[in-house]
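Student: I'd like to learn how to read a few structural features by going through a real case. Can we take them one at a time?

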Amino acid sequence: MTTPSYDAIIIGGGPGGSTAATYLARAGKRVLLLEKERFPRFHIGESLLPYCQGLFAEMGVLPKLEQAGFPRKRGAQFHLGNGKKDLYFVFGEGKFTRHTETFQVERAKFDHILLKHAAESGAEVREGWTVQKFQADSRGVRVEARESTNKGESFEAAFLIDASGRSNLTGNQEQIRVVHPHLKKIAIFGHFEGVKLDSGPPGGDTVIVRLANKWFWIIPISSTKTSVGCVLDQAEFAEAKKTANELFNEIWISTPAMKERLSNARLINSIQATSDFSYYNKRYVGTRLLRVGDAAGFMDPIFSAGVYLAMYSGRLAAKTILGPLKSGDAGHSELSHYERRIRKGVEFYWEMAENFYTTPFVEVFFHPREKFHLVSAVNAALAGELDGGWKIRWRMRLFFGLVKAQARFGFVPRLKFD
(Lines give C-alpha, C1' and ligand atoms only; values in the text may rest on other atoms or scores of the structure.)
Protein backbone atom coordinates (compact mmCIF):
# COMPACT_ATOMS: atom_id res chain seq x y z
CA MET A 1 0.00 0.00 0.00
CA THR A 2 1.36 3.45 -0.90
CA THR A 3 1.66 6.36 1.49
CA PRO A 4 -1.94 7.20 2.51
CA SER A 5 -3.45 10.41 1.16
CA TYR A 6 -5.60 10.85 4.26
CA ASP A 7 -5.26 10.35 7.98
CA ALA A 8 -8.78 8.92 8.11
CA ILE A 9 -11.54 7.88 5.74
CA ILE A 10 -15.05 7.92 7.17
CA ILE A 11 -17.86 5.92 5.59
CA GLY A 12 -21.20 7.65 6.13
CA GLY A 13 -22.28 11.22 6.83
CA GLY A 14 -24.91 10.64 9.53
CA PRO A 15 -24.42 11.93 13.10
CA GLY A 16 -21.65 9.42 13.91
CA GLY A 17 -19.63 10.09 10.76
CA SER A 18 -20.10 13.85 10.91
CA THR A 19 -19.03 13.90 14.55
CA ALA A 20 -15.87 11.89 13.91
CA ALA A 21 -15.04 14.06 10.89
CA THR A 22 -15.52 17.28 12.86
CA TYR A 23 -13.28 16.21 15.74
CA LEU A 24 -10.52 15.00 13.44
CA ALA A 25 -10.66 18.02 11.14
CA ARG A 26 -10.60 20.43 14.08
CA ALA A 27 -7.51 18.53 15.29
CA GLY A 28 -5.82 19.35 11.99
CA LYS A 29 -6.12 15.88 10.43
CA ARG A 30 -6.71 15.09 6.74
CA VAL A 31 -10.20 13.58 6.63
CA LEU A 32 -12.27 12.22 3.75
CA LEU A 33 -15.95 11.53 4.40
CA LEU A 34 -17.83 9.50 1.78
CA GLU A 35 -21.64 9.62 1.92
CA LYS A 36 -23.74 7.61 -0.54
CA GLU A 37 -26.77 9.94 -0.44
CA ARG A 38 -27.15 13.65 -1.01
CA PHE A 39 -28.32 15.71 1.95
CA PRO A 40 -30.83 16.70 3.11
CA ARG A 41 -32.47 13.29 3.11
CA PHE A 42 -35.24 11.75 5.20
CA HIS A 43 -34.28 9.65 8.21
CA ILE A 44 -36.23 8.30 11.17
CA GLY A 45 -34.99 8.51 14.78
CA GLU A 46 -35.78 12.10 15.76
CA SER A 47 -35.46 12.11 19.55
CA LEU A 48 -32.08 13.00 21.05
CA LEU A 49 -30.67 12.47 24.56
CA PRO A 50 -29.59 15.40 26.77
CA TYR A 51 -25.97 14.23 26.80
CA CYS A 52 -25.78 15.17 23.12
CA GLN A 53 -25.61 18.81 24.28
CA GLY A 54 -22.08 18.46 25.64
CA LEU A 55 -20.95 17.04 22.30
CA PHE A 56 -22.68 19.83 20.36
CA ALA A 57 -20.91 22.46 22.46
CA GLU A 58 -17.51 20.75 22.15
CA MET A 59 -17.91 20.46 18.37
CA GLY A 60 -18.86 24.12 18.03
CA VAL A 61 -22.17 23.29 16.34
CA LEU A 62 -24.51 24.20 19.21
CA PRO A 63 -25.23 27.78 18.03
CA LYS A 64 -26.31 26.46 14.61
CA LEU A 65 -28.69 23.96 16.21
CA GLU A 66 -30.15 26.61 18.50
CA GLN A 67 -30.78 28.86 15.49
CA ALA A 68 -32.58 26.00 13.70
CA GLY A 69 -35.54 26.35 16.08
CA PHE A 70 -35.91 22.70 17.03
CA PRO A 71 -38.32 21.93 19.93
CA ARG A 72 -36.71 21.55 23.36
CA LYS A 73 -36.85 18.17 25.08
CA ARG A 74 -36.66 18.32 28.88
CA GLY A 75 -38.21 14.99 29.78
CA ALA A 76 -39.76 11.71 28.72
CA GLN A 77 -43.19 10.26 29.43
CA PHE A 78 -44.31 6.65 29.60
CA HIS A 79 -48.00 5.69 29.47
CA LEU A 80 -49.87 2.41 29.42
CA GLY A 81 -52.03 2.09 26.34
CA ASN A 82 -55.19 1.78 28.43
CA GLY A 83 -54.48 5.18 30.00
CA LYS A 84 -54.50 3.81 33.55
CA LYS A 85 -50.85 4.37 34.45
CA ASP A 86 -48.21 6.92 33.51
CA LEU A 87 -44.71 7.96 34.51
CA TYR A 88 -42.93 11.27 33.90
CA PHE A 89 -39.16 11.80 33.90
CA VAL A 90 -37.88 15.38 34.12
CA PHE A 91 -34.17 15.30 33.40
CA GLY A 92 -33.51 18.38 35.53
CA GLU A 93 -34.79 16.55 38.61
CA GLY A 94 -32.24 13.72 38.41
CA LYS A 95 -29.60 13.71 41.15
CA PHE A 96 -26.92 12.30 38.81
CA THR A 97 -27.99 13.87 35.50
CA ARG A 98 -25.38 16.38 34.30
CA HIS A 99 -27.15 17.47 31.07
CA THR A 100 -30.83 18.18 31.49
CA GLU A 101 -32.27 19.12 28.09
CA THR A 102 -31.77 18.66 24.37
CA PHE A 103 -33.59 18.98 21.04
CA GLN A 104 -36.23 17.00 19.21
CA VAL A 105 -35.17 17.14 15.57
CA GLU A 106 -36.31 16.59 12.03
CA ARG A 107 -33.42 14.41 10.94
CA ALA A 108 -33.17 15.69 7.37
CA LYS A 109 -32.44 19.18 8.70
CA PHE A 110 -30.40 18.08 11.74
CA ASP A 111 -28.12 15.67 9.86
CA HIS A 112 -27.53 18.26 7.15
CA ILE A 113 -26.41 20.82 9.73
CA LEU A 114 -23.92 18.34 11.21
CA LEU A 115 -22.56 17.32 7.80
CA LYS A 116 -22.09 20.93 6.66
CA HIS A 117 -20.40 21.71 9.97
CA ALA A 118 -17.93 18.87 9.39
CA ALA A 119 -17.07 20.35 5.99
CA GLU A 120 -16.77 23.85 7.44
CA SER A 121 -14.43 22.42 10.10
CA GLY A 122 -12.06 21.23 7.37
CA ALA A 123 -13.18 17.72 6.43
CA GLU A 124 -13.39 16.80 2.75
CA VAL A 125 -17.00 15.71 2.27
CA ARG A 126 -18.09 13.89 -0.88
CA GLU A 127 -21.80 13.15 -1.24
CA GLY A 128 -23.13 10.64 -3.75
CA TRP A 129 -20.19 8.26 -3.21
CA THR A 130 -20.96 4.63 -2.31
CA VAL A 131 -18.18 2.61 -0.69
CA GLN A 132 -18.22 -0.91 -2.10
CA LYS A 133 -15.45 -2.67 -0.19
CA PHE A 134 -12.40 -2.08 1.93
CA GLN A 135 -8.98 -3.59 2.59
CA ALA A 136 -6.75 -3.10 5.62
CA ASP A 137 -3.27 -4.17 6.68
CA SER A 138 -0.67 -3.02 9.17
CA ARG A 139 0.30 -0.07 6.94
CA GLY A 140 -3.12 1.42 6.23
CA VAL A 141 -6.53 1.01 4.64
CA ARG A 142 -7.94 1.27 1.13
CA VAL A 143 -11.57 1.69 0.10
CA GLU A 144 -13.10 1.37 -3.32
CA ALA A 145 -16.02 3.70 -3.97
CA ARG A 146 -18.23 4.67 -6.85
CA GLU A 147 -19.80 8.05 -7.51
CA SER A 148 -23.46 8.37 -8.47
CA THR A 149 -22.27 9.08 -12.04
CA ASN A 150 -20.74 5.56 -11.94
CA LYS A 151 -17.16 6.86 -11.71
CA GLY A 152 -15.03 4.53 -9.55
CA GLU A 153 -12.02 5.48 -7.45
CA SER A 154 -9.79 4.08 -4.70
CA PHE A 155 -8.81 6.04 -1.60
CA GLU A 156 -6.15 5.29 1.02
CA ALA A 157 -5.76 6.38 4.62
CA ALA A 158 -4.06 5.51 7.87
CA PHE A 159 -7.38 4.60 9.53
CA LEU A 160 -10.95 3.79 8.52
CA ILE A 161 -14.02 4.77 10.55
CA ASP A 162 -17.16 2.90 9.53
CA ALA A 163 -20.21 5.06 10.22
CA SER A 164 -22.31 3.42 7.50
CA GLY A 165 -25.29 2.91 9.83
CA ARG A 166 -27.44 -0.14 9.35
CA SER A 167 -25.82 -0.68 5.96
CA ASN A 168 -23.08 -2.08 8.22
CA LEU A 169 -20.60 -2.14 5.35
CA THR A 170 -17.48 -3.51 7.04
CA GLY A 171 -19.40 -5.83 9.38
CA ASN A 172 -21.30 -7.36 6.50
CA GLN A 173 -18.12 -7.72 4.43
CA GLU A 174 -16.50 -9.59 7.32
CA GLN A 175 -19.76 -11.48 8.07
CA ILE A 176 -19.69 -10.70 11.79
CA ARG A 177 -23.23 -9.32 12.30
CA VAL A 178 -25.34 -11.11 14.94
CA VAL A 179 -29.11 -10.47 14.88
CA HIS A 180 -30.95 -10.52 18.21
CA PRO A 181 -33.12 -13.67 18.22
CA HIS A 182 -36.11 -12.03 19.92
CA LEU A 183 -36.08 -8.36 18.90
CA LYS A 184 -37.15 -8.81 15.28
CA LYS A 185 -39.39 -5.78 15.02
CA ILE A 186 -40.87 -3.51 12.41
CA ALA A 187 -41.67 0.17 12.79
CA ILE A 188 -44.63 1.82 11.06
CA PHE A 189 -44.68 5.61 11.27
CA GLY A 190 -45.64 8.95 9.80
CA HIS A 191 -45.57 12.70 10.39
CA PHE A 192 -48.73 14.43 11.60
CA GLU A 193 -50.16 17.86 12.31
CA GLY A 194 -52.66 18.51 15.09
CA VAL A 195 -51.40 15.85 17.53
CA LYS A 196 -52.52 16.68 21.07
CA LEU A 197 -49.44 17.53 23.13
CA ASP A 198 -49.12 18.68 26.71
CA SER A 199 -48.96 22.39 27.45
CA GLY A 200 -45.78 24.08 28.64
CA PRO A 201 -42.36 22.37 28.77
CA PRO A 202 -43.83 18.81 28.81
CA GLY A 203 -45.10 19.52 25.29
CA GLY A 204 -41.57 18.83 24.07
CA ASP A 205 -41.29 15.46 25.80
CA THR A 206 -40.89 12.18 24.01
CA VAL A 207 -44.08 10.24 24.76
CA ILE A 208 -43.95 6.44 24.87
CA VAL A 209 -47.21 4.47 25.00
CA ARG A 210 -46.73 0.83 26.03
CA LEU A 211 -49.16 -1.90 24.98
CA ALA A 212 -48.90 -5.58 25.89
CA ASN A 213 -46.52 -6.48 23.06
CA LYS A 214 -45.86 -3.26 21.16
CA TRP A 215 -45.36 0.46 21.75
CA PHE A 216 -45.92 3.89 20.20
CA TRP A 217 -43.69 6.94 20.10
CA ILE A 218 -44.86 10.55 19.87
CA ILE A 219 -42.07 13.06 19.14
CA PRO A 220 -42.71 16.75 18.34
CA ILE A 221 -40.11 17.74 15.69
CA SER A 222 -41.27 21.27 14.83
CA SER A 223 -43.83 23.79 16.03
CA THR A 224 -46.50 22.02 13.94
CA LYS A 225 -45.12 18.60 13.01
CA THR A 226 -45.07 15.46 15.18
CA SER A 227 -43.53 12.09 14.43
CA VAL A 228 -45.72 9.16 15.49
CA GLY A 229 -44.79 5.52 15.11
CA CYS A 230 -45.54 2.03 16.35
CA VAL A 231 -42.96 -0.74 16.92
CA LEU A 232 -44.30 -4.30 16.82
CA ASP A 233 -43.15 -7.83 16.07
CA GLN A 234 -42.43 -8.46 12.41
CA ALA A 235 -44.42 -11.69 12.70
CA GLU A 236 -47.53 -9.79 13.84
CA PHE A 237 -47.22 -7.41 10.91
CA ALA A 238 -46.91 -10.32 8.47
CA GLU A 239 -49.83 -12.22 9.98
CA ALA A 240 -52.11 -9.16 9.85
CA LYS A 241 -51.97 -9.17 6.03
CA LYS A 242 -52.78 -5.45 6.00
CA THR A 243 -51.02 -2.40 4.64
CA ALA A 244 -48.87 -0.38 7.04
CA ASN A 245 -51.48 2.38 6.97
CA GLU A 246 -54.37 0.03 7.75
CA LEU A 247 -52.58 -1.66 10.62
CA PHE A 248 -51.29 1.61 12.08
CA ASN A 249 -54.81 3.09 12.15
CA GLU A 250 -56.31 -0.08 13.58
CA ILE A 251 -53.86 -0.13 16.49
CA TRP A 252 -54.01 3.54 17.53
CA ILE A 253 -57.79 3.72 17.28
CA SER A 254 -58.08 0.78 19.69
CA THR A 255 -55.58 2.30 22.16
CA PRO A 256 -57.19 4.86 24.53
CA ALA A 257 -53.96 6.73 25.30
CA MET A 258 -53.27 7.17 21.58
CA LYS A 259 -56.84 7.90 20.56
CA GLU A 260 -56.90 10.87 22.92
CA ARG A 261 -53.86 12.38 21.19
CA LEU A 262 -54.51 11.46 17.54
CA SER A 263 -58.26 11.93 17.17
CA ASN A 264 -57.87 15.37 15.54
CA ALA A 265 -54.49 14.76 13.90
CA ARG A 266 -53.83 14.88 10.16
CA LEU A 267 -51.27 12.74 8.36
CA ILE A 268 -49.03 15.02 6.25
CA ASN A 269 -46.92 12.46 4.42
CA SER A 270 -47.58 8.72 4.23
CA ILE A 271 -47.35 5.84 6.69
CA GLN A 272 -44.06 4.07 6.09
CA ALA A 273 -42.59 0.83 7.40
CA THR A 274 -39.01 -0.16 8.11
CA SER A 275 -37.44 -3.25 9.60
CA ASP A 276 -36.21 -2.68 13.12
CA PHE A 277 -33.97 -5.69 13.79
CA SER A 278 -31.61 -5.32 16.72
CA TYR A 279 -28.10 -6.61 16.00
CA TYR A 280 -24.47 -6.18 16.95
CA ASN A 281 -21.15 -6.93 15.31
CA LYS A 282 -18.89 -9.47 17.00
CA ARG A 283 -16.05 -6.95 16.82
CA TYR A 284 -16.19 -3.17 16.95
CA VAL A 285 -12.64 -2.73 15.71
CA GLY A 286 -10.30 -4.34 13.18
CA THR A 287 -6.90 -3.62 11.72
CA ARG A 288 -6.85 0.20 11.56
CA LEU A 289 -10.67 0.10 11.61
CA LEU A 290 -13.22 1.46 14.11
CA ARG A 291 -17.00 1.03 13.86
CA VAL A 292 -19.30 3.71 15.24
CA GLY A 293 -23.04 4.07 15.79
CA ASP A 294 -25.29 1.57 14.05
CA ALA A 295 -22.26 0.15 12.22
CA ALA A 296 -21.20 -1.19 15.64
CA GLY A 297 -24.67 -2.32 16.65
CA PHE A 298 -28.32 -1.30 16.47
CA MET A 299 -30.84 -1.85 19.21
CA ASP A 300 -34.56 -1.19 19.54
CA PRO A 301 -35.12 2.60 19.62
CA ILE A 302 -37.32 2.59 22.73
CA PHE A 303 -34.90 4.75 24.76
CA SER A 304 -33.88 7.08 21.89
CA ALA A 305 -30.18 6.26 22.31
CA GLY A 306 -29.31 5.86 18.62
CA VAL A 307 -28.09 9.36 17.73
CA TYR A 308 -26.30 9.79 21.05
CA LEU A 309 -24.46 6.47 20.78
CA ALA A 310 -23.47 7.36 17.22
CA MET A 311 -22.06 10.73 18.27
CA TYR A 312 -20.50 9.37 21.47
CA SER A 313 -18.70 6.63 19.55
CA GLY A 314 -17.81 9.01 16.70
CA ARG A 315 -16.09 11.36 19.15
CA LEU A 316 -14.34 8.49 20.89
CA ALA A 317 -13.19 6.97 17.58
CA ALA A 318 -11.68 10.28 16.49
CA LYS A 319 -9.86 10.78 19.78
CA THR A 320 -8.71 7.14 19.79
CA ILE A 321 -6.70 7.47 16.58
CA LEU A 322 -5.04 10.81 17.37
CA GLY A 323 -2.25 9.11 19.34
CA PRO A 324 -1.52 6.43 16.71
CA LEU A 325 -1.55 9.09 13.97
CA LYS A 326 1.11 10.98 15.88
CA SER A 327 3.25 7.92 16.61
CA GLY A 328 2.69 6.32 13.21
CA ASP A 329 1.68 2.91 14.53
CA ALA A 330 -1.54 0.89 14.13
CA GLY A 331 -2.80 1.72 17.63
CA HIS A 332 -3.59 -1.82 18.78
CA SER A 333 -3.89 -0.92 22.49
CA GLU A 334 -5.88 2.24 21.78
CA LEU A 335 -8.34 0.37 19.56
CA SER A 336 -8.74 -2.35 22.21
CA HIS A 337 -9.63 0.34 24.74
CA TYR A 338 -12.16 1.79 22.29
CA GLU A 339 -13.70 -1.67 21.85
CA ARG A 340 -14.21 -2.05 25.62
CA ARG A 341 -15.74 1.42 26.03
CA ILE A 342 -18.21 1.06 23.17
CA ARG A 343 -19.15 -2.50 24.09
CA LYS A 344 -20.07 -1.35 27.60
CA GLY A 345 -22.39 1.36 26.26
CA VAL A 346 -24.02 -0.86 23.63
CA GLU A 347 -24.58 -3.70 26.11
CA PHE A 348 -26.19 -1.34 28.63
CA TYR A 349 -28.85 -0.06 26.21
CA TRP A 350 -29.21 -3.56 24.79
CA GLU A 351 -30.12 -4.80 28.28
CA MET A 352 -32.57 -1.93 28.76
CA ALA A 353 -34.30 -2.70 25.43
CA GLU A 354 -34.47 -6.45 26.14
CA ASN A 355 -36.03 -5.86 29.53
CA PHE A 356 -38.51 -3.26 28.28
CA TYR A 357 -40.44 -5.99 26.46
CA THR A 358 -40.94 -8.00 29.66
CA THR A 359 -43.91 -7.39 31.94
CA PRO A 360 -41.84 -7.45 35.20
CA PHE A 361 -39.66 -4.62 33.89
CA VAL A 362 -42.69 -2.48 33.07
CA GLU A 363 -44.24 -3.22 36.48
CA VAL A 364 -41.10 -2.12 38.37
CA PHE A 365 -40.54 0.80 35.99
CA PHE A 366 -44.08 2.14 36.49
CA HIS A 367 -43.80 1.93 40.29
CA PRO A 368 -40.70 4.06 40.94
CA ARG A 369 -39.23 4.32 44.42
CA GLU A 370 -36.46 6.83 45.11
CA LYS A 371 -34.85 4.68 47.83
CA PHE A 372 -31.10 4.47 47.17
CA HIS A 373 -31.69 7.14 44.48
CA LEU A 374 -32.72 4.43 42.01
CA VAL A 375 -35.04 6.80 40.14
CA SER A 376 -32.19 9.28 39.75
CA ALA A 377 -29.96 6.55 38.35
CA VAL A 378 -32.61 5.57 35.79
CA ASN A 379 -33.12 9.27 35.00
CA ALA A 380 -29.40 9.65 34.28
CA ALA A 381 -29.39 6.50 32.14
CA LEU A 382 -32.33 7.78 30.08
CA ALA A 383 -30.48 11.08 29.60
CA GLY A 384 -27.37 9.33 28.24
CA GLU A 385 -25.04 8.93 31.22
CA LEU A 386 -22.46 6.37 30.05
CA ASP A 387 -19.51 7.64 32.08
CA GLY A 388 -21.16 8.01 35.48
CA GLY A 389 -19.00 5.38 37.12
CA TRP A 390 -19.83 3.06 39.95
CA LYS A 391 -22.50 5.29 41.52
CA ILE A 392 -24.71 4.67 38.47
CA ARG A 393 -23.66 1.10 37.72
CA TRP A 394 -24.48 -0.46 41.09
CA ARG A 395 -27.86 1.23 41.19
CA MET A 396 -28.73 -0.02 37.71
CA ARG A 397 -27.62 -3.53 38.71
CA LEU A 398 -29.96 -3.26 41.69
CA PHE A 399 -32.76 -2.05 39.42
CA PHE A 400 -32.36 -5.04 37.10
CA GLY A 401 -32.20 -7.29 40.16
CA LEU A 402 -35.56 -5.92 41.27
CA VAL A 403 -36.96 -6.75 37.83
CA LYS A 404 -35.89 -10.38 38.31
CA ALA A 405 -37.38 -10.42 41.79
CA GLN A 406 -40.66 -9.02 40.44
CA ALA A 407 -40.88 -11.87 37.95
CA ARG A 408 -40.66 -14.37 40.79
CA PHE A 409 -42.32 -12.71 43.78
CA GLY A 410 -44.47 -9.85 42.44
CA PHE A 411 -43.56 -7.33 45.16
CA VAL A 412 -45.17 -4.41 43.25
CA PRO A 413 -48.72 -4.48 41.84
CA ARG A 414 -49.20 -6.41 38.62
CA LEU A 415 -50.21 -4.35 35.59
CA LYS A 416 -52.98 -5.02 33.09
CA PHE A 417 -52.44 -3.71 29.58
CA ASP A 418 -56.01 -4.21 28.33
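Student: Why does V403 count as buried?

Tutor: V403 has 4% relative accessibility, so it counts as buried (under 20% relative accessible area; exposed is over 50%, partly exposed in between, with a 1.4 Å probe and protein chains only). Bear in mind that this is a predicted model, where local features need pLDDT of at least 70, side-chain atom pairs count only at pLDDT 80 or more, and totals for chains, interfaces and linings use all residues. Residues are numbered from 1 along each chain as its sequence is written, and side-chain values use heavy atoms, leaving out hydrogens and water.

Student: Where is V403 placed, and which residues does V403 touch?

Tutor: V403 belongs to helix α13, residues 390-409. Helices here are DSSP runs of H or I with at least four residues, strands are runs of E with at least two, and both are numbered from the N terminus. Leaving out residues up to four places away in sequence, V403 touches N355, P360, F361 and V364 (contact means heavy atoms within 4.5 Å).

Student: How do I read the packing of α10 and α13?

Tutor: Start with the axes, which are lines fitted to C-alpha atoms, for helices over the stretch in contact; angles run from 0 to 180 degrees between N-to-C directions. For α10 and α13, the axes come within 12 Å and cross at roughly 25°. That makes the two helices, α10 and α13, roughly parallel (under 35 degrees; over 145 is roughly antiparallel, 65 to 115 roughly perpendicular, the rest oblique). Their crossing, α10 with α13, is left-handed, meaning the near helix is turned anticlockwise from the far one by less than a right angle; clockwise would be right-handed.

Student: Which residues make the contact of α10 with α13?

Tutor: On the α10 side you have K344, F348, E351, M352 and N355, and on the α13 side R393, M396, R397, F400 and V403. Sorted by class, the contact of α10 with α13 has five nonpolar, one polar and four charged residues. Here Ala, Val, Leu, Ile, Met, Phe, Trp, Tyr, Cys and Pro are nonpolar, Asp, Glu, Lys and Arg are charged, and the others, Gly among them, are polar.

Student: What about α1 and α4: at what angle do their axes cross?

Tutor: Helix α1 (residues 15-26) and helix α4 (residues 107-120) cross at roughly 20°, and their axes come within 8 Å. So α1 is roughly parallel to α4, and α1 passes α4 in a left-handed crossing. From α1, P15, S18, A21, T22 and R26 meet R107, F110, D111, L114, L115, H117 and A118 in α4. The contact of α1 with α4 has six nonpolar, three polar and three charged residues.

Student: And how far apart are the axes of α1 and α2?

Tutor: The axes of α1 and α2 are 10 Å apart, and the packing angle is about 35°. The crossing of α1 and α2 is left-handed too. T19, T22, Y23 and R26 of α1 make the contact with L55, E58 and M59 of α2.

Student: What's the idea behind aromatic pairs?

Tutor: A pair of aromatic rings is described by the distance of the centres and the angle of the planes. Rings of Phe, Tyr and Trp (its six-membered ring) pair if their centres lie within 6.5 Å; planes under 30 degrees apart are stacked, over 60 edge-to-face, and the rest tilted. That rule gives 27 aromatic pairs. In one of them, W215 and F356 are edge-to-face, at 6.4 Å centre to centre and 85° between the planes. W215 sits in strand β14 (residues 215-220) and F356 in helix α10 (residues 332-356), so the pair links parts of the chain 141 residues apart. Both W215 and F356 are buried.
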